[in-house]
Amino acid sequence: MTQPKLTEVPPTKQILNCITYSDGCRRANIELDQVHEFLGEEDQFLWVALYEPSEEVLEKVREEFNLHKLAIEDARKAHQRPKIEIYGNSIFIVVRTVEMNANRQLEFGETHFFVGDTFIITVRHHSHISYDSVRAACESAPHLLKKGQSFALYALMDFIVDQYFPVVSELEVELENIEDKIFKGRPNRETTEQIYQLKRDLLEVRRAVSPLIDVCNRLMRFEYKFISEDTKPYFRDVYDHV
């Protein structure tokens, strides 16, 4: 599968996509209130993408997919640490996103995943990075996408983790600049402030990334009926990157 390209197109609606796939190929775009008509069909899965959905939209999703109320309550909150939990007919996963804006300041967001027997739902909070390129890359590799919703989960998590690397590289450059100031001249108050800001940034990045080790480990090693055996090795790749 080719590497997705990063795009920064702010979404303008809450329901970005609601698509059915069969045998690794896109079948149809459907409306959210049609979901229940497709859930029972064999050899297909639904991929739904939401962006900062309202309580009304989340409630509609809960009804259509028969999700647990506590899981939906979690999805409403945009300040959670990375985790994986089982709620009834699905697993719920939280992954934090990290971006560096034009002012070289870190911005943290979250993506919540619901993964069930025949569906994957993404709920994106406070992130301007679109996942359209991930979907397009998956659709260009139907032999992989036919593995189902667990492969879509891998592709999305892998993309999110890949976005950590440019941020870490920028922080490394910042560290080198601070070191140059320290060893080539007399440190001043500004240098001290930069050191403390860098320390805070590193701690925040660590809080975002470190819990993913456990999430990936559980996806690789534990028996989740929603994660197929042939996709478990892919999560090893995400684990290694984390």
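Where is the place of His-126? Select His-126: its place is in the loop between β7 (119-125) and α4 (132-139). Helices (H or I, at least four residues) and strands (E, at least two) are DSSP runs, numbered from the N terminus. His-126 has a positive phi of about 55°, although it is not a glycine. Its relative accessibility is 42%, so His-126 counts as partly exposed. Buried means under 20% relative accessible area, exposed means over 50%, and partly exposed is in between (1.4 Å probe, protein chains only).

Before going on, note how the values were made. This is a predicted model, in which local features need pLDDT of at least 70 and side-chain atom pairs count only at pLDDT 80 or more, while totals for chains, interfaces and linings use all residues. Residues are numbered from 1 along each chain as its sequence is written, and side-chain values use heavy atoms, with hydrogens and water left out.

**The whole chain**

Now select the protein chain. Its secondary structure comes to 10 helices and seven strands. Along its principal axes, the C-alpha trace spans about 70 × 35 × 30 Å. The radius of gyration is 20 Å, which agrees with the value near 18 Å that a compact globule of 242 residues would have. That radius is taken over C-alpha atoms, and the globule rule is 2.2 Å times the number of residues to the power 0.38. Colour by burial, and 49% of the 242 residues are buried.

Next, look at which parts of the chain meet. A contact means heavy atoms within 4.5 Å. Among contacts between residues at least 6 apart in sequence, 64% join residues at least 24 apart.

**Helix α2**

Select residues 55-65, which form helix α2. Which residues of α2 are buried? They are Val-57, Leu-58, Val-61, Arg-62, Glu-64 and Phe-65. Show what covers them: the cover includes β1 (15-22), α1 (35-38), β3 (44-51), α3 (69-76) and β7. Just after α2, Asn-66 takes a positive phi of about 55°.

Stay in α2 and zoom in on Glu-64. With a relative accessible area of 10%, Glu-64 is buried. What does Glu-64 touch, not counting residues up to four places away in sequence? The list is Leu-32, Asp-33, Gln-34, Val-35, His-36 and Leu-39. The side chains of Glu-64 and His-36 are joined by a polar contact of 2.8 Å. The side chain of Glu-64 also reaches the backbone nitrogen of Val-35, at 3.5 Å. A polar contact is a pair of N or O atoms within 3.5 Å; within protein, one must be able to donate a hydrogen and the other to accept it, and residues adjacent in sequence count only if both atoms are side-chain atoms.

**Two more stops**

Select Arg-104, found in the loop between β5 (90-100) and β6 (106-116). Its phi is near 60°, a positive value in a residue other than glycine. Is Arg-104 buried or partly exposed? Arg-104 counts as partly exposed because its relative accessibility is 44%.

Finish at Cys-138, in helix α4. At 0% relative accessibility, Cys-138 counts as buried. Draw a distance from its C-alpha atom to that of Phe-151, 13 residues apart along the chain: the separation is 8.6 Å.
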